[in-house]
Amino acid sequence: MRRDKVFDFVEQKRLPFSGRRTVIPGEIDVTHGPILYLENISVSFDGFKALNDLTLYINDGELRCIIGPNGAGKTTMMDVITGKTRPDTGSAYFGQTMDLTRMSEYQIAHAGIGRKFQKPTIFPQHTIFENLELAMAADKRVWPTLFAKINTAQHEKIIEVMDTIGLTELCYERAAQLSHGQKQWLEIGMLLMQNPRVLLVDEPVAGMTHQEMDKTAELLKSLAGKHSVVVVEHDMDFVRSIASTVTVLHEGSVLAEGTMDEVQNNPKVIEVYLGE
Amino acid sequence: MARQPFIVDFLKNDKGGKIFVSILLVTMFVVPALNLLVPADSFFHVPTYTVTLLGKYLSYAMLAIALDLVWGYCGILSLGHAAFFALGGYAMGMYLMRQIGDRGVYGNTELPDFMVFLNWTELPWYWQGFDMFWFAMIMVILVPGLLALVFGWLAFRARVTGVYLSIITQALTYALLLAFFMNELGFGGNNGLTDFKDILGYDLQADTTRVSLFFLSALFLILTYFLCRFIITSKLGRVVVAIRDAEDRTRFIGYKVESFKLWIFVLSAMIAGVAGALFVPQVGIINPGEFSPLNSIELVVWVAIGGRATLYGAALGAVIVNYSKSYLTAAFPEVWLFALGGLFLLVTIFMPKGVIGLWNQMRLKLQGKKQPIAENKIE
């Protein structure tokens with residue numbers, strides 16, 4: 001079901017000269033199911049095709065795992081969705097109306113797509129509380145930020161998220177002092193503070209103990225439904241423990257899609273993973 | 001949750017700031033008193049020369065705080081910040097030139113001497129209005145601010161960062177140096193602007209005027225400190241540090257990083273401009289030498305030696321280095337540059353957080369506490 005096939009053409013507002021549709025901020029149109037439409041996306045770096053005619057849909061409220069060998073284009077795909085990399089060809093839409101290829105990183109973040117990096121990226125010199133405060137959905141322009149004060153509702157929200165990620169006791173510690181796993185959680189917590197519709201989570205359990213992994217799996221599962229969650233992960237046990245649908249990327253395009261069992265028994269997938 | 005980390009009660013948790021402001025307040029009243037009230041032959045008399053020298057250090061301290069704001073907190077290593085200082089100085093210098101009136105060598109009421117010398121017959125358009133103090137003061141802030149705005153807008157939008165940004169800021173100040181050397185530009189060329197007579201009707205050579213200028217320098221330094229302290233303790237201050245430590249993360253949680261960098265850069269340039277305007281009437285001259293790339297690099301050394309991202313550390317560094325400079329260039333003129341280079345090397349290797357960092361370390365050791373694990377990110 002391509003996005004352009006389900007367009008309600010009659011109602012489309014178009015820009016006068018380019019004929020392209022306007023970006024309507026704050027309006028995420030998921031009436032046709034998917035919240036993310038990636039269609040025929042290609043990205044190449046110096047001749048290397050990181051993404052090759054990739055077409056992928058993520059449904060609203062879904063928990064999707066994306067797996068694939070190194071260099072399959074997983075991170076590039078996230079870069080395209082979050083506006084860090086512009087695709088050479090193809091389109092990326094958030095809902096039916098928001099053209100991600102024409103929005104900058106901060107606009108995409110405001111629209112409701114949150115991203116966790118592969119390497120946990122937090123603000124080391126700030127406390128846990130401040131890390132969450134900075135991420136919090138708010139007016140993020142310069143002057144309002146200068147005079148921003150935290151109100152009670154926001155304070156409660158921060159405490160609620162701190163509870164969720166289990167860092168309440170470390171509230172006023174500097175983030176640099178956290179363990180690797182705790183940093184991963186803090187970063188997920190920062191995503192939650194943004195109230196995103198879509199969470200892009202790159203390798204959330206890298207460097208975690210088994211216990212931490214179980215907790216993370218629980219956390220991500222509890223987030224699905226309210227949010228759409230896209231997880232890129234290498235750890236197959238972890239993927240099996242959380243995912244309903246798995247997408248396998250290979251050489252920049254989708255190789256297979258289905259449940260974990262279907263995917264694991266797919267001969268093409270076996271060939272890619274086990275070698276020819 | 002009794003404690004809230006975002007109280008904008010500047011000095012409540014700012015021990016260093018309290019000490020800094022107290023020292024300034026005391027100096028600001030005691031030094032003028034010792035100059036004006038104590039007889040000249042007394043041991044406690046502070047000569048006017050010293051008062052002016054101190055005033056000069058204070059305007060440098062203000063410049064150092066301006067750089068600390070962009071470098072220490074936002075991680076933008078500007079190697080051209082002295083350019084904004086010099087522009088503010090030139091704006092003040094232009095006012096002072098117009099105040100000379102017909103007391104110049106050529107006795108021309110309208111034109112400064114150097115223009116008469118160049119056979120110019122009328123005042124260029126960009127000199128209009130500088131006979132009015134208020135107009136000149138607006139320009140002191142506006143000109144550096146505008147340059148920073150245009151330059152920053154181009155640089156930050158193109159995502160020029162790190163060493164590349166440092167290099168183009170050097171180029172900026174060097175270009176201005178060359179431009180201001182040209183006589184045709186109308187700023188006195190090589191000689192710059194000098195031979196000032198009075199400011200707002202007060203004789204610039206009089207003790208009372210000099211003491212007032214010193215007093216104002218101290219006052220503006222305190223105000224600058226309060227302003228910067230307000231900014232860095234605000235949420236904007238936390239965003240700025242976040243940009244320094246993890247620029248991409250800041251962008252992906254929805255901040256338009258370029259706008260924040262631009263804002264802080266422009267503000268810093270304006271503060272530098274005011275510092276320059278306080279500097280010029282005290283030293284009595286402004287010439288293109290102030291744009292020299294070396295000045296901007298020296299400025300970075302002051303901040304590094306004092307201690308980055310503390311504000312008062314930068315001010316302290318400016319005073320320490322400039323005092324040593326005054327002493328060494330008089331006592332051993334040939335060693336000064338080596339001393340400066342050596343000082344910078346020693347500080348970078350042994351005290352990455354400057355004098356303030358060393359002090360904090362020693363205090364923690366005395367209290368038998370462990371050193372905090374978190375290290376400031378070193379650019």
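## Terms and model

Buried here means a relative accessible area under 20%, exposed means over 50%, and partly exposed is what falls in between, with a 1.4 Å probe and protein chains only. By that scale A:Asp53, at 43% relative accessibility, counts as partly exposed.

This is a predicted model, in which local features need pLDDT of at least 70 and side-chain atom pairs count only at pLDDT 80 or more, while totals for chains, interfaces and linings use all residues. Residues are numbered from 1 along each chain as its sequence is written, chains are lettered from A and ligands numbered from 1 in the order in which they are written, and side-chain values use heavy atoms, leaving out hydrogens and water.

## A sheet in chain A

Let's start with the strands. Helices (H or I, at least four residues) and strands (E, at least two) are DSSP runs numbered from the N terminus, and two strands pair if DSSP finds at least two bridges between them. In chain A, four strands form an open antiparallel sheet in the order S2-S1-S4-S5. Its edge strands are S2 and S5 (98-99), each of which pairs on one side only. Strand S4 (residues 89-94) of chain A meets S5(A) over two bridges, in the antiparallel sense; A:Phe94 has A:Met98 in S5(A) as its bridge partner.

Helix H1 (residues 74-82) of chain A lies across strands S1 (34-45), S2 and S4 of that chain, at about 115° to S1(A). For that angle, axes are lines fitted to C-alpha atoms, for helices over the stretch in contact, and angles run from 0 to 180 degrees between N-to-C directions.

A:Asp53 sits in strand S2 (residues 48-59) of chain A. Although A:Asp53 is not a glycine, its phi is positive, at about 55°.

B:Asn119 is another non-glycine residue with a positive phi, near 65°. B:Asn119 belongs to the loop between helix H4 (113-117) and helix H5 (133-157) of chain B, and it is exposed, with a relative accessible area of 67%.

## A buried arginine

A:Arg64, in strand S3 (residues 63-67) of chain A, is buried at 3% relative accessible area. Contact means heavy atoms within 4.5 Å; not counting residues up to four places away in sequence, A:Arg64 touches several residues, among them A:Leu56, A:Ile58, A:Val230, A:Thr247 and A:Glu257.

A polar contact is a pair of N or O atoms within 3.5 Å; within protein, one must be able to donate a hydrogen and the other to accept it, and residues adjacent in sequence count only if both atoms are side-chain atoms. A polar atom of the A:Arg64 side chain lies 2.9 Å from the backbone oxygen of A:Tyr57.

## Where the chains meet

Between the chains, 42 residues of chain A are in contact with 35 residues of chain B. The area buried between them (accessible area lost on being put together, 1.4 Å probe, summed over both) is about 3600 Å², with 69% given by carbon and sulfur atoms. In chain A, A:Val142, A:Leu146 and A:Tyr172 lose the most area to chain B, together 17% of what that side buries.

A:Gln194, in the loop between helix H6 (180-193) and strand S7 (198-202) of chain A, is buried at 8% relative accessibility. A polar atom of the A:Gln194 side chain lies 3.4 Å from the backbone oxygen of B:Phe252.

Definitions and conventions
Buried area is the accessible area (1.4 Å probe) that two parts lose on being put together, summed over both.
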